[in-house]
Amino acid sequence: MSSTWTLPDDLTLPEPVGTFPAAGQPVPHHWSRCFGCGDQSPAGMSMSFTAGENLEVWGRLEVAPRYQGGPGVIHGGILSTAFDEALGMACRATVDGPVVTGHLEIDFARPIPLGSVLEFHARIDGTIRRKVYASAEARIVEGPNADPDVVVATSRGLFLTVTAEHFEKTKTFVDGVPDMPFGTSSI
């Protein structure tokens with residue numbers, strides 16, 4: 001990473017929560033309509049994740065043609081979304097509830113061609129109170145320019161634990177439209 005990101009000195013490495021899958025087992029999506037991992041998000045990325053040892057996850061993303069940014073390569077926003085998802089999934093190893101992204105940074109090291117398969121390795125760096133610090137890297141493991149030994153991008157993030165009530169104001173939105181009683185206005 002090329003950033004000046006510095007982890008706090010008083011971080012602790014927590015034990016995995018009992019609800020997190022054992023190493024080698026799939027990590028279920030956190031919400032079926034999630035753009036990153038949900039199975040009820042037809043336009044989504046359909047990322048899949050597997051629990052790793054201790055506080056880590058492994059994820060996969062097929063770089064579909066619809067993810068194009070520059071000619072023949074992935075859009076940086078799609079890669080950012082994939083890292084956000086991978087780091088958030090790693091947080092599930094330490095938190096038995098939802099987290100939200102507080103800070104996300106990415107270093108793009110190499111072009112990632114369409115048609116490739118990216119593998120993400122995300123881990124927890126530590127926690128302090130409600131804050132969870134995580135880091136990840138991505139490698140091209142299949143398709144054009146595949147070399148599982150070369151890191152093509154890295155990411156670090158800060159996530160905050162929240163309660164389910166955090167989403168109370170937005171849970172009435174369905175397909176991007178507020179579920180409002182007849183005769184009311186969103187204006």
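This report starts with the residue and then moves out to the strands.

The model is predicted: local features need pLDDT of at least 70, side-chain atom pairs count only at pLDDT 80 or more, and totals for chains, interfaces and linings use all residues. Residues are numbered from 1 along each chain as its sequence is written, and side-chain values use heavy atoms, with hydrogens and water left out.

S135 lies in strand β5, residues 131-142. Strands are DSSP runs of E, at least two residues, numbered from the N terminus. S135 counts as buried because its relative accessibility is 11%; buried means under 20% relative accessible area (1.4 Å probe, protein chains only).

The S135 side chain makes a polar contact with the side chain of D125 at 3.1 Å. Such a contact is a pair of N or O atoms within 3.5 Å, one able to donate a hydrogen and the other to accept it. Leaving out residues up to four places away in sequence, S135 touches L87, H121, A122, R123, D125, S155 and R156. Touching means heavy atoms within 4.5 Å.

| Partner of β5 | Residues | Sense | Bridges |
|---|---|---|---|
| β4 | 117-128 | antiparallel | 11 bridges |
| β6 | 151-161 | antiparallel | 9 bridges |

On the β6 side, A136 stands opposite S155, and A138 is partnered by A153. β4 and β5 form a hairpin with 2 residues between them. R129 in that turn has a positive phi of about 50 degrees.

The open sheet has 6 strands in the order β1-β2-β4-β5-β6-β3, with antiparallel pairing. Its edge strands are β1 (48-51) and β3 (99-108).

Definitions and conventions. Helices (H or I, at least four residues) and strands (E, at least two) are DSSP runs, numbered from the N terminus. Buried means under 20% relative accessible area, exposed over 50%, partly exposed in between (1.4 Å probe, protein chains only). Two strands pair if DSSP finds at least two bridges between them.
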